[in-house]
Amino acid sequence: MADNIVSDTSVEDKKRRRFLTGITAGFGAVGAGIALTPFVLSMQPSERAKNAGAPVSYDFSKIQPGQMVKVEWRGKPVVLLKRTEAMMLGLDKIEDRLADPTSLVSIQPAYAQNDARADANNADLLVMLGVCTHLGCSPVEKLTVGPDPEMGDDSQGGFFCPCHGSKFDLSGRVYKNVPATSNMEVPPYKYDGNVITIGEDDGRTA
Ligand code: FES
């Protein structure tokens with residue numbers, strides 16, 4: 001299956017993506033707290049239309065702990081974030097600041113309705129639409145655990161939407177008292193070995 005990577009955070013992957021084919025439009029990238037230059041690759045409109053809605057596959061074994069990749073699915077950025085142990089531990093520390101910590105009103109498959117908002121088989125891998133649930137901007141990743149000017153002094157990492165100031169944790173759960181009112185969406189996905197396919201899950205619930 002062909003990778004449909006549009007953005008990658010690692011220096012190593014910056015080299016690799018020069019060789020990738022069938023690549024779709026790009027998004028800004030930040031990995032492990034280090035800002036990298038965003039890049040954009042384009043696809044012919046006819047190719048884009050042909051692939052609209054098709055599932056997207058990616059070898060997630062390439063993603064190192066603390067690194068984030070974005071792929072495009074249905075014209076939207078999908079975040080693939082391999083969370084570190086510290087990132088996972090931080091999820092519990094700020095739950096009292098979240099509007100919907102148990103994801104009761106957000107969109108995700110049943111197997112991702114948990115604190116990590118991820119399939120338990122790869123709970124450290126966050127798979128999420130990188131789209132703010134307020135008005136659809138792309139939140140900026142804040143992957144460093146610790147004080148952050150936008151996320152606060154007790155930040156455990158997360159995502160900050162610069163459009164109107166919404167904040168989300170590293171599971172995409174929205175903070176209280178921000179413009180967005182629901183967690184970011186988790187799309188259906190499934191695994192086959194090291195390959196994740198986004199956009200289909202064969203109807204599974206676990
Ligand atoms: S679009 Fe994200 S806060 Fe408004």
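Biologist: Which residue is the bridge partner of Tyr191 in S12?
Modeller: Keep in mind that this is a predicted model. S11 and strand S12 (residues 195-198) pair in the antiparallel sense, over 4 bridges. In S12, Tyr191 has as its bridge partner Ile196.

Biologist: In what order do the 3 strands of the open sheet run?
Modeller: The edge strands are S4 (56-59) and S11 (189-192), each of which pairs on one side only. The pairing is antiparallel. From one strand to the next, the twist averages 25°. The order is S4-S12-S11.

Biologist: Which residues have the most contacts inside the largest nonpolar core?
Modeller: That core has 35 residues. Elements giving two or more residues to the core include strand S5 (68-73), strand S6 (76-82), strand S7 (125-129) and S12. The residues with the most contacts inside the core are Val71, Val78, Leu80, Val127 and Ile198.

Biologist: Is Phe159 buried or exposed?
Modeller: Phe159 lies in strand S9. A residue needs 20 or more other C-beta atoms within 10 Å to count as buried. Phe159 has 27 C-beta neighbours inside 10 Å, so Phe159 is buried.

Biologist: How far apart in space are Phe159 and Val174, C-alpha to C-alpha?
Modeller: Leaving out residues up to four places away in sequence, Phe159 touches Pro139, Val140, Glu141, Lys142, Phe168 and Gly172. Phe159 and Val174 are 15 residues apart in sequence. In space, their C-alpha to C-alpha distance is 9.1 Å.

Methods:
Residues are numbered from 1 along each chain as its sequence is written. This is a predicted model: local features need pLDDT of at least 70, side-chain atom pairs count only at pLDDT 80 or more; totals for chains, interfaces and linings use all residues. Two strands pair if DSSP finds at least two bridges between them. Axes are lines fitted to C-alpha atoms, for helices over the stretch in contact, and angles run from 0 to 180 degrees between N-to-C directions. A nonpolar core is a set of buried Ala, Val, Leu, Ile, Met, Phe, Trp, Tyr and Cys residues joined through C-beta atoms within 7 Å. A residue is buried if 20 or more other C-beta atoms lie within 10 Å of its own, exposed if 12 or fewer, and partly exposed in between; C-beta atoms are placed from the backbone. Two residues are in contact if their C-beta atoms, placed from the backbone, lie within 7 Å.
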